[in-house]
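Student: Could you pick one spot in this chain and go through it closely? After that, I'd like to hear how the rest of the fold looks around it. Keep it chatty, but give me the cut-offs.

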Amino acid sequence: MASNDNQKISVVEGMKKSGIPYVRLGNSGLQVSRICLGMMTYGSKKWREWVLEEQEARPFVKRALELGINFFDTADMYSLGVSEEITGRALNDMAVREEIVVATKLFHPVVDGPNRTGLSRKHIFEACDASLKRLNMDYIDLYQIHRFDKQTPIEETMEALNDLVRSGKVRYIGASSMYAWQFAKAQYIAEKRGWTKFISMQNHYNLIYREEEREMIPLCIDQGVGLIPWSPFARGFLAGNRSKTDLNKENNETTSATKRAQTDEYGHNLYYADNDFEIVERLKTVAEKKQVKPIQLALAWILSKPGVCAPIIGATKMYQLEEAVAATSIKLSDEEIKSLEELYQPRRILGHS
């Protein structure tokens, strides 16, 4: 296995040493590690203050490969393209291309202007070419629509995605947060026309946001679509170090929460309800009994759920990667799962926009 960035790191050796499991992504033949490294964390601080820039990011990619992680997820909008550039350079330098799965997404604008957003045929083709250029790769393993486009006929979107697969620029296609009826319609159109169907759903799912269990997850299980949830740690909320004072920007109290927690307005809109804190306290109690960290228990919980293939995690500290891989071996009893889940209260749909 490689000792520096100029040599290739085989995930096969890492898998043997760490014991990280691999699974097929849904009913496809694509094999992915049970953990996916989310690359949104790496890019440009000009985009988000908490983002790690390239020299800080490269060791995380290297360590992920050493641990046997072969699945990396980015998007064109992350750091307005810089995340894809960093992802491409690091993986081209370090990884064996045939062993890894590179996923990216399109929908949101990278630059302003007409036809620079959404899922039109024009934008899909141009966004794919731009991503390939930034990644400096010949193909994308998993090309995902970042959201549902209400302004474009779904037939236009699915035909364009099918054409990308037929061209060889894309191997598989996936989708992200939307309503189950929208996803079902897209899959139906593709099947009816003989076009490529989505093999994965990147949905919002974690211990304090479980609305996906009502319709989307049962649909995906029934149709053999693999789940690769985003925010399995609730943007760090499930680490158990958050306080309601994090919401008060005028509060000067010292907090153990991260810089991201203090500046993440999107996360504040998703979480921080009173019931969220109650669930985290229960999580901490069960984690203490099992002698694991709350964040590891949260990951073990989501990995235990039907249909879940590879939750997408972010890491800004090296131990976070190592603890995540260790969590893949944690087993939960039925009683522990019931204890973690019983405090949940229904909430409004979050994460589709």
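**A loop residue, then the rings**

Tutor: Let's start with Asn-115, which counts as partly exposed because its relative accessibility is 43% (buried is under 20% relative accessible area, exposed is over 50%, partly exposed is in between, with a 1.4 Å probe and protein chains only). Before going on: this is a predicted model, with local features needing pLDDT of at least 70 and side-chain atom pairs counting only at pLDDT 80 or more, while totals for chains, interfaces and linings use all residues. Residues are numbered from 1 along each chain as its sequence is written, and side-chain values use heavy atoms, with hydrogens and water left out.

Asn-115 belongs to the loop between strand S5 (101–106) and helix H4 (121–135) (helices are DSSP runs of H or I with at least four residues, strands are E runs of at least two, both numbered from the N terminus). What makes its backbone worth a look is a phi near 65°, positive in a residue that isn't glycine. Gln-291 also has a positive phi, about 60°, and isn't a glycine either. Gln-291 sits in the loop between H10 and helix H11 (294–303), and at 75% relative accessibility Gln-291 counts as exposed.

Now for the rings. Searching the whole structure turns up nine aromatic pairs (Phe, Tyr and Trp rings, the six-membered one for Trp, with centres within 6.5 Å; planes under 30 degrees apart are stacked, over 60 edge-to-face, the rest tilted). One of them is Phe-183 with Phe-198, which is stacked because the centres are 5.7 Å apart and the planes meet at 25°. That pair ties together distant parts of the chain: Phe-183 is in helix H6 (residues 180–193) and Phe-198 in strand S8 (residues 198–202), 15 residues apart. Phe-183 is buried, at a relative accessible area of 1%, and Phe-198 is buried as well, at 4%.

Phe-237 and Tyr-272 pair up edge-to-face, with 5.1 Å between centres and 75° between planes. Here, too, distant parts of the chain are linked, 35 residues apart: Phe-237 lies in the loop between strand S9 (226–227) and helix H8 (259–263), Tyr-272 in the loop between helix H9 (265–270) and helix H10 (274–290). Phe-237 counts as buried at 1% relative accessibility, and so does Tyr-272 at 7%. Ring pairs join Phe-237, Tyr-271, Tyr-272 and Phe-277 into a cluster.

Arg-48 lies over the face of Trp-47, 4.1 Å from the ring centre, and the charged end of Arg-171 is 3.7 Å from the centre of the Tyr-139 ring.

Zooming out, the chain has 13 helices and ten strands, and 58% of its 353 residues count as buried. The C-alpha trace spans about 50 × 50 × 45 Å along its principal axes.

Technical notes:
A charge sits over a ring if NZ of Lys or CZ of Arg is within 6 Å of the ring centre and within 35 degrees of the ring normal.
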